[in-house]
Amino acid sequence: MLKVGLTGGIGAGKSEVSRLLVACGAVLIDADRIAREVVAPGTPGLAAVVEAFGEQVLAPDGSLDRPKLGSIVFADAARLATLNSIVHPLVGARSRELEEAAAEDAVVVHDVPLLTENGLAPLYDLVIVVDAAPETQLDRLVRLRGMTEEDAHARMAAQATREQRREIADVVVDNDVPLEELERRVKDVWAELARRSHASRPDPQGRPDPQGRPDPQGRPDPQGRPAPQE
């Protein structure tokens with residue numbers, strides 16, 4: 001199994017990249033989707049959120065009023081930390097369940113918005129960062145999601161900087177491009193993921209790679225040849 005972390009700033013187009021990777025054959029574990037599931041009506045997660053923030057964060061039907069909660073936490077770092085302390089452990093537990101259910105040779109892509117902020121890069125074999133200019137992010141949030149500029153700026157400011165995300169990236173996908181070009185770039189990324197996944201599979205009889213390629217973990221060759229230095 002190749003475990004890939006996928007992240008990017010809000011409005012960078014991470015969801016589109018994850019959709020394209022799934023079309024190529026990836027198994028997607030979407031932290032945002034799971035975060036909604038763990039605070040659905042009747043769950044312990046929702047009860048904990050209401051206890052921390054009050055019934056003002058509930059919609060009339062008893063579900064979580066996410067825009068209301070967002071307006072509270074994204075302007076207050078302490079309250080955002082409180083929310084994260086409730087939701088993140090629940091998301092982590094569910095993500096592990098889904099990963100364990102995937103095929104042993106799958107390319108599993110974890111779509112994690114706060115991967116950089118929470119120092120999660122070491123959990124993955126490879127980290128992909130979807131990148132876009134702040135001006136592009138702001139335009140998408142206001143024009144496509146209907147946010148006010150004030151809300152959009154607050155949400156962007158609550159996340160890691162563009163530079164911090166790029167620092168932890170093994171692969172950067174530039175999404176300041178038309179969809180057709182993004183599709184081409186994602187196909188190139190998928191080809192690399194498939195290559196790495198294939199290279200990391202041990203021979204069932206423990207034989208060395210027939211082409212003499214080094215073990216991806218840097219272990220000595222079974223015939224005594226040292227792994228090349230990085």
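This note walks through the fold of the protein, point by point.

1. **Ground rules.** This is a predicted model; local features need pLDDT of at least 70, side-chain atom pairs count only at pLDDT 80 or more, and totals for chains, interfaces and linings use all residues. Residues are numbered from 1 along each chain as its sequence is written, and side-chain values use heavy atoms, with hydrogens and water left out.

2. **Parts list.** The protein has 9 helices and 5 strands. Both are DSSP runs, numbered from the N terminus: helices are H or I with at least four residues, strands are E with at least two. Along the sequence the pattern reads β-α-β-α-α-α-α-β-β-α-α-α-β-α.

3. **The sheet.** Two strands pair if DSSP finds at least two bridges between them. Strands of a sheet pair through backbone hydrogen bonds, either parallel or antiparallel.

4. Axes here are lines fitted to C-alpha atoms, for helices over the stretch in contact; angles run from 0 to 180 degrees between N-to-C directions.

5. **Strand β3 and its partners.** Strand β1 (residues 2–8) is joined to β3 (residues 107–111) by 5 bridges, and the two run parallel. Leu 6 has Asp 111 as its bridge partner in β3. Gly 5 stands opposite His 110. β2 also runs parallel to β3, through 4 bridges. There, Ile 29 stands opposite His 110.

6. **Is β3 enclosed or open?** β3 is largely enclosed by the rest of the structure, because 5 of its 5 residues are buried. Buried means under 20% relative accessible area, exposed over 50%, partly exposed in between (1.4 Å probe, protein chains only). Val 107, Val 109 and Asp 111 point one way from β3; Val 108 and His 110 point the other way.

7. **Ser 18.** This residue sits in helix α1. Ser 18 is buried, at 5% relative accessible area. Leaving aside neighbours within four places in sequence, Ser 18 is in contact (heavy atoms within 4.5 Å) with Leu 6, Leu 28 and Asp 111. Leu 6 and Asp 111 are the bridge partners named in point 5.

8. **A helix pair.** The axes of α4 (residues 66–73) and α5 (residues 77–101) come within 7 Å and cross at roughly 130 degrees. The two helices are therefore oblique to each other. The cut-offs: under 35 degrees is roughly parallel, over 145 roughly antiparallel, 65 to 115 roughly perpendicular, and the rest oblique. Leu 69, Ile 72 and Val 73 in α4 meet Ala 77, Arg 79, Leu 80 and Leu 83 in α5. By class, this contact has 6 nonpolar, no polar and 1 charged residues. Nonpolar covers Ala, Val, Leu, Ile, Met, Phe, Trp, Tyr, Cys and Pro; charged covers Asp, Glu, Lys and Arg; the others, Gly among them, are polar.

9. **Whole-protein totals.** Of the 230 residues, 39% count as buried. Among contacts between residues at least 6 apart in sequence, 70% join residues at least 24 apart.
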